Amino acid sequence: SGEKLSKQTLAQPVKRGDAEALLRVLSFLRQHPPAGLRGETAEHVLQWAVANWQPGELRGMLTSPV
């Protein structure tokens, strides 16, 4: 719905072991996970994320200082 996700707004955490949710989070963060990761374990997706993290993709995402 476009709301900020935080504990303060009672946002639900990503469930441990939920690879599909992790892929959605990575896509939201502009990390471009490959389609081949669908159906993989959360551990495998996380390994890919750590190895391929691109912090420059986050530029412009924040509208106000944290």
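How are H1 and H2 oriented to each other, roughly parallel or roughly perpendicular? H1 and H2 are roughly parallel to each other, where angles under 35 degrees count as roughly parallel, over 145 as roughly antiparallel, 65 to 115 as roughly perpendicular and the rest as oblique. This is a predicted model, in which local features need pLDDT of at least 70 and side-chain atom pairs count only at pLDDT 80 or more, while totals for chains, interfaces and linings use all residues. Residues are numbered from 1 along each chain as its sequence is written, and side-chain values use heavy atoms, with hydrogens and water left out.

**Overall composition**

- The secondary structure of the protein consists of two helices and zero strands; helices (H or I, at least four residues) and strands (E, at least two) are DSSP runs, numbered from the N terminus.
- Of the 66 residues of the protein, 20% count as buried, with buried meaning under 20% relative accessible area, exposed over 50% and partly exposed in between (1.4 Å probe, protein chains only).
- The protein exposes about 5,700 Å², of which carbon and sulfur atoms supply 56%; accessible areas come from the Shrake-Rupley method with a 1.4 Å probe, and for residues only the protein chains shown count as cover.
- Among the contacts in the protein with a separation of 6 or more, 34% are accounted for by residues 24 or more positions apart, a contact meaning heavy atoms within 4.5 Å.

**The helix pair**

- The axes of H1 and H2 come within 8 Å and cross at roughly 20°; axes are lines fitted to C-alpha atoms, for helices over the stretch in contact, and angles run from 0 to 180 degrees between N-to-C directions.
- H1 passes H2 in a left-handed crossing, a term that applies if the near helix is turned anticlockwise from the far one by less than a right angle, whereas clockwise gives a right-handed crossing.
- Ala-19, Ala-21, Leu-22, Leu-23 and Leu-26 are the buried residues in H1, and the buried residues of H1 pack against H2.
- On the H1 side, Ala-19, Leu-22, Leu-23 and Leu-26 meet Ala-42, Val-45, Leu-46, Trp-48 and Ala-49 of H2.

**Leu-22 in H1**

- Leu-22 lies in helix H1 and counts as buried, at 18% relative accessibility.
- Not counting residues up to four places away in sequence, Leu-22 touches Val-14, Ala-42, Val-45 and Leu-46.
- Leu-22 and Val-45 are 23 residues apart along the chain, and their C-alpha atoms are separated by 7.4 Å.

**The salt bridge**

- The count comes to one salt bridge, defined as a side-chain nitrogen of Lys or Arg within 4 Å of a carboxyl oxygen of Asp or Glu.
- Glu-20 forms a salt bridge with Arg-38, and the closest N and O atoms are 2.7 Å apart.
- This pair links distant parts of the chain, since Glu-20 is in helix H1 (residues 19-28) and Arg-38 is in the loop between H1 and helix H2 (42-52), 18 residues apart.
- Glu-20 is partly exposed, with a relative accessible area of 32%.

**The loop between H1 and H2**

- Arg-30 follows H1 and is placed in the loop between H1 and H2.
- The phi of Arg-30 is positive, near 60°, in a residue other than glycine.
- Arg-30 counts as partly exposed, at 34% relative accessibility.
- His-32 also has its place in the loop between H1 and H2, and has a positive phi of about 55° although it is not a glycine.
- His-32 is exposed, with a relative accessible area of 56%.
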